[in-house]
Each structure stands twice: as C-alpha cells, then as structure tokens.
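Here is a short briefing to read alongside the model.

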Amino acid sequence: MTQQAHYNPGLVAPVVRFAPSPTGRIHIGNARTALLNYFFARKHGGAFILRFDDTDAERSTEEFALGIEVDLEWLGVAPDQKFRQSERFALYDAAARRLKEAGRLYPCYETPEELERKRRLQIARGAPPVYDRAALALTDAERAGFEAEGRKPHWRFRLEPEVVRWDDLIRGDSHIDCASLSDPVLVREDGSYLYTLPSVVDDIDAAVTHIIRGEDHVTNTAVQVQLFRALGAQAATHFAHHNLLVGADGQGLSKRTGALSIAGLRETGVESLAVAAMATLTGSSLAVQPVHSLPELAGLFDLSAISRTSARFDDSELHALSQRVLHGLSYDAVRDRLEAHDIVGFRAEPFWLAARGNLTRFSDIADWWSVIENDIVVTALPSDFRAAAIAALPQEPWDETTWSAWTQAVKETTGLKGKALFHPLRLALTGRESGPELAKLLPLIGRARTLARLSPP
C-alpha cells in the first residue's frame, strides 16, 4: 500500500496558489481546490495566492474574473496576493527565449491533420501515440521551406527520458516515466502560450512551495518538474493531488455547464459554510458535518484524510447540511445579515434563537419576523375558547414561562388539552400550522399584539 508523505511545517512557511481560468464561474469542484489550498496556508502560517490564468484572451473575461472573486469572498477565502497572467507576458517571453537557447524548446511544423494521421498510424501498429520528434531532424532548408509555405511553428518542450519521482502529500510515492510522454506543446502557432509554461514561470516567480490541485494534473507534474529545472529552479518542494468531486450521476463537473456553480448555490440560499464543508470533507475519512465558522472547518482540515477514490457529491445532501448549519449559527454569526432585514434591537437575538431551527434558508427569517412584528392574517378562535384565552392572559412582563402558565390556565377553564388546546392558539397567534416554540415567540409578540390576534375584527 502506498504511504502518504508528510509535511513538516517547521521547515518553511508554505506559499500556495489557486489558479482558475476566468472563462466561466467556478463550481464546487473548483472551490474544493481553493479551500484545500487556503486551509493549508492558514494552518501552517503561509500565504495563499489567487492567480488568474487568463492567457486565453478570446475566452477570458473581466466579468468572470470578478465573479470568481465574489464567489471566493462569499466562501470566506481571502487571498494574500492576487495577479493575472495577462499582465506578465514579458516573463513568459523571457523564459521561452531561454529554453530555445538551451535547445529545450524546438519548432514543429506539422499541421493538426498530419499529427492526427501519425497518431492513428501509431495506434494501428500497436505503438503508444507519442510524438516522434520528427521536427528535431529538420534541416535549416526544410524549416525555411515550411516557412515559405506560410506555416508557422508550434513549439515543443524536449523532455529528458527519465522517471520523475515525488512524494505526493496525498497520493504518497508517485512517479511518471517521461519516456512514455509526448514532448508537450508550450507555444501555439500564433505565439500564444498554453497552460504549462506560464504556470511554472509564475510558480517560480511567486516562490510557490506547494502545488495542491486535482488528480487530473498528475501527469503534468513530471513535465513541470523538468521545466522547473530547465529554467534553473528547483521544483516546488511538495505536490498534492486530491481526488475529484463528481456529481450524483457520477459525471465530472464543468464550469461551462454551470453544474453546481458557487453563484448558483448562493442564489438558491445555500449557506456558504455548508458549501465549504461539503467541498472540503466529501471524499475524505472525515465525516461531512455542520460547522459554525470557517476557522472551525480549517481546524478539521488534513491532507492525509483525503481519499484516493473519486468523491460523489449529492446536492440534496448539501441542502440538508445547509439547514443543519443554519440551525446552529449563533446570533453574533448572523447579526449583520439580520440587520440587512431590519431585524435589530433587543428582540433580535432572542428572536433569532427562537426562529433559526425552523429555517430552510436564511431568507425565511423575514417571514418569521413579520409574524411577531406586523399585522398578519390569523384564524379566529371559537367564541368560548377566545373568551377563556383572553381572560387567562397574564399581565406583562413576559418570559419563556408565560406560555406554560397561560395555557395551563386556559386548560383548566376549557378542559382542552394537547393538540386541541395548542394548535388553535398557534393559528390564532401566528397564522401558521407549525413553527418555532410559542414559549419563545410569545414574549416577542407581546401582550398587545396577542390580544389583537385573539380578537380579530
């Protein structure tokens, strides 16, 4: 069985990065990567960088970049530094020149159709579909001929035929035989960069020490380690490749389809702490559980708890968890959100503690506030019942013992008990079939409103 590597936080304060492409809104799978990096940095006193990989000028937009920042802020993820690759092309150009001068970046003139024919022929022969490096054998005259035809080269990074090994903080001892890989294209025919070169250049420039990302990037690790070295730098000290979240149908998540996007979840009223907990704890040995704060969740975090198998994510479980989170939030945790609904004053805290357990989503709180604050449509009590209830109604001040004392007095007068006693009073006081404990609501409604509701016009 593969043993997991261990990180000694006393060696160096980690620097990590989350590097989304602003070509769409992030989904819960992307949030998983962001949170794992963020928690790792916070746990070990390090720094978290937000880097926008926006070299794809055609698909990257300012709207998506700003949207991602909003999504991260809602989750509670606060970058220590942020930058955009579109502002750093001079660094990438310098690195490309250096690789060309060293003979590690070489021009290739095959068209996509020619490469596809080669690939199919290799497969038909039972050979692995690895680039044959034919471009390395081109003479100056042959290259000039291609240029005269109007062909522009794409540029490949020449891999050394070695086995690259690393101790993955999640997957344990890992290795990739670079002889089994095609030399990767780093620069397209139009001169634009693919992901790999800018990513490594930025990791070097920002002194990133830990690369924590999805397991779909495992093969990239060997290429990037060689690229680090070719640029005269040591590879990032540590790599960690986490399992990927898949939907309830077993299919991968895509930000282009909007599946489980953070923005969409926020709009449906899901609690951010529930999203963070599901994104972080799903697919680990830790139980998915409600948390009361992001620091509490960060305290549960441990890379060694992450499983090697894919993690199935069910949004119905997320909504159930969101309610459990909501029901456990303290008044201090929601004070600002209550103020946004004009729920303020000395009644705000007892009201929250009374109503929170009945909320499906936070926005429901406004409806319950209206029950104690505003005129509402209620169900009139039978005349005998109403008279007995009014006669037994205690004088103020009221507290949580008032409901019990009042209903006991009504019971003794009417002979009613159980549901026959409590349900009509609930309908008369709240206009609702069910809801928070009336022992807690009654002092908030107050005697004047209670009398008004017991005697509707």
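**Strands, cores and a cavity**

Strand β2 (residues 47–52) pairs with β3 in the parallel sense, over 4 bridges. Keep in mind that this is a predicted model.

**The sheet**
- Within this pairing, Phe52 stands opposite Arg84 in β3.
- The open sheet has 3 strands in the order β1-β2-β3, and their pairing is parallel.
- β1 (15–18) and β3 (81–84) are at the edges with a single partner strand each, so one side of each has no neighbour in the sheet.
- From one strand to the next, the twist averages 25°.

**The nonpolar cores**
- The largest nonpolar core holds 87 residues, and those touching the most other members are Ile28, Leu303, Phe351, Trp352, Ile365, Trp406 and Leu425.
- Helix α1 (residues 28–43) gives this core its largest share, 9 residues.
- Another core, of 34 residues, lies apart from the largest one; Phe83, Leu105, Val208 and Ala222 are among its members.

- How many cavities of 30 Å³ or more does a search of the whole structure find? The search finds 1.
- The largest cavity contains about 50 Å³ of space.
- Its lining is formed by Leu36, Thr280, Leu281, Ser284, Leu286, Phe301, Asp302, Ala305 and Ile306.
- Sorted by class, the lining of the largest cavity has 6 nonpolar, 2 polar and 1 charged residues.

Conventions:
Residues are numbered from 1 along each chain as its sequence is written. This is a predicted model: local features need pLDDT of at least 70, side-chain atom pairs count only at pLDDT 80 or more; totals for chains, interfaces and linings use all residues. Side-chain values use heavy atoms; hydrogens and water are left out. On a 1 Å grid over the protein atoms alone, a cavity is a set of points where a 1.4 Å probe fits but cannot get out, and a pocket is an open set with protein on both sides within 12 Å along at least five of seven lines; lining residues have an atom within 4 Å of a point. Grid points are joined across faces, edges and corners, and a volume is the space filled by probe spheres set on the points. Ala, Val, Leu, Ile, Met, Phe, Trp, Tyr, Cys and Pro count as nonpolar, Asp, Glu, Lys and Arg as charged, and the others, Gly among them, as polar. A nonpolar core is a set of buried Ala, Val, Leu, Ile, Met, Phe, Trp, Tyr and Cys residues joined through side-chain atoms within 4.5 Å. Buried means under 20% relative accessible area, exposed over 50%, partly exposed in between (1.4 Å probe, protein chains only). Helices (H or I, at least four residues) and strands (E, at least two) are DSSP runs, numbered from the N terminus. Two strands pair if DSSP finds at least two bridges between them. Axes are lines fitted to C-alpha atoms, for helices over the stretch in contact, and angles run from 0 to 180 degrees between N-to-C directions.
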